[in-house]
Amino acid sequence: MERTQINLVAKGIKKLAFLLIVAASFAACKKEKEVSKTIVGNWEGKWGNANQAPTNFLKFEFGSNGEMNRINEQGEVIASGTYSANGVQFECTYTHTAAHGGQTHKIGGLYTDFEGKIVGTWGYSPSNANGGTIELNKQ
């Protein structure tokens, strides 16, 4: 093969590799958006302190834009923040309104879309585990 032909083959291989990388990036983004769509909506469950079993009311509203609200039993927004769901990992950070103490909490846990469950721990920011446990079910 002549040098020019080798250069053309090399350029073709580089273009193909670039296209494969771009296609893989789009596929990865699509998967993440699909996971986010399944988490969007209202989730209700319980939280517990330290080693207590979760028995206290807990409700969240997850938006499609990664934003969230914590809702009390009267249906009022008492905290707001952001969340992410990456495969089975779930994380969120939210801050209570001044009228509800103004504290910032974090949650870290496992998310299963086929069961519609989030199970994990909550904590006082920056920790997501020094407060207790949570269990949430999609409504």
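Which residues form one aromatic cluster in the chain? In this predicted model, the cluster is made up of Trp43, Phe60, Phe62, Tyr83, Phe90, Tyr94 and Tyr111. The report below turns to the overall fold and then to the parts in which several of these residues lie.

## Overall architecture

The chain contains one helix and eight strands. Read from the N terminus, the order of elements is α-β-β-β-β-β-β-β-β. The eight strands form a closed barrel in the order β1-β2-β3-β4-β5-β6-β7-β8, and their pairing is antiparallel. On average, neighbouring strands of this sheet are turned by 30° against each other, direction ignored.

The chain has 139 residues, of which 27% count as buried. Its accessible surface comes to about 9000 Å², and carbon and sulfur atoms account for 56% of that area. When contacts between residues at least 6 apart in sequence are considered, 29% of them join residues at least 24 apart.

Strands β4 and β5 pair in the antiparallel sense over eight bridges. Within this pairing, Tyr83 stands opposite Cys92 in β5. The hairpin of β4 and β5 has two residues between the strands, and Gly87 takes a positive phi near 70° there.

On to the next pairs. Strand β5 also pairs with β6 in the antiparallel sense, over seven bridges, and Tyr94 stands opposite His105 in β6. Strands β6 and β7 likewise run antiparallel and are joined by eight bridges. Gly109 has Gly120 in β7 as its bridge partner.

## The two faces of β5

The side chains of β5 alternate along the strand. Phe90, Cys92, Tyr94 and His96 point to one face and are buried.

## The nonpolar core

In soluble globular proteins, nonpolar side chains tend to be buried together. In this model, the largest nonpolar core has 18 residues. Those with the most contacts inside this core are Ile39, Phe60, Phe62, Phe90, Ile107 and Ile118. At least two core residues come from each of β2 (56-62), β4 (77-86), β5 (89-96), β6 (104-112), β7 (117-124) and β8 (132-138).

What is Ile107 in contact with, leaving aside its neighbours within four places in sequence? Its contacts are Phe60, Phe90, Glu91, Cys92, Tyr94, Thr121, Trp122, Asn128 and Ile134.

## Aromatic pairing

The count of aromatic pairs comes to nine. One of the pairs is formed by Phe62 and Phe90: the ring centres are 5.5 Å apart and the planes lie at 70°, so the pair is edge-to-face, a class that requires planes over 60 degrees apart. Phe62 lies in strand β2 and Phe90 in strand β5, so this pair ties together parts that are 28 residues apart in sequence.

Are Phe62 and Phe90 buried or exposed? A residue is buried when its relative accessible area is under 20%. Phe62, at 3% relative accessibility, therefore counts as buried, and Phe90, at 1%, counts as buried too. Both residues are also listed among those with the most contacts inside the largest nonpolar core.

Terms used
Residues are numbered from 1 along each chain as its sequence is written. This is a predicted model: local features need pLDDT of at least 70, side-chain atom pairs count only at pLDDT 80 or more; totals for chains, interfaces and linings use all residues. Side-chain values use heavy atoms; hydrogens and water are left out. A nonpolar core is a set of buried Ala, Val, Leu, Ile, Met, Phe, Trp, Tyr and Cys residues joined through side-chain atoms within 4.5 Å. Buried means under 20% relative accessible area, exposed over 50%, partly exposed in between (1.4 Å probe, protein chains only). Helices (H or I, at least four residues) and strands (E, at least two) are DSSP runs, numbered from the N terminus. Contact means heavy atoms within 4.5 Å. Rings of Phe, Tyr and Trp (its six-membered ring) pair if their centres lie within 6.5 Å; planes under 30 degrees apart count as stacked, over 60 as edge-to-face and the rest as tilted. Accessible areas come from the Shrake-Rupley method with a 1.4 Å probe; for residues, only the protein chains shown count as cover. Two strands pair if DSSP finds at least two bridges between them. Axes are lines fitted to C-alpha atoms, for helices over the stretch in contact, and angles run from 0 to 180 degrees between N-to-C directions.
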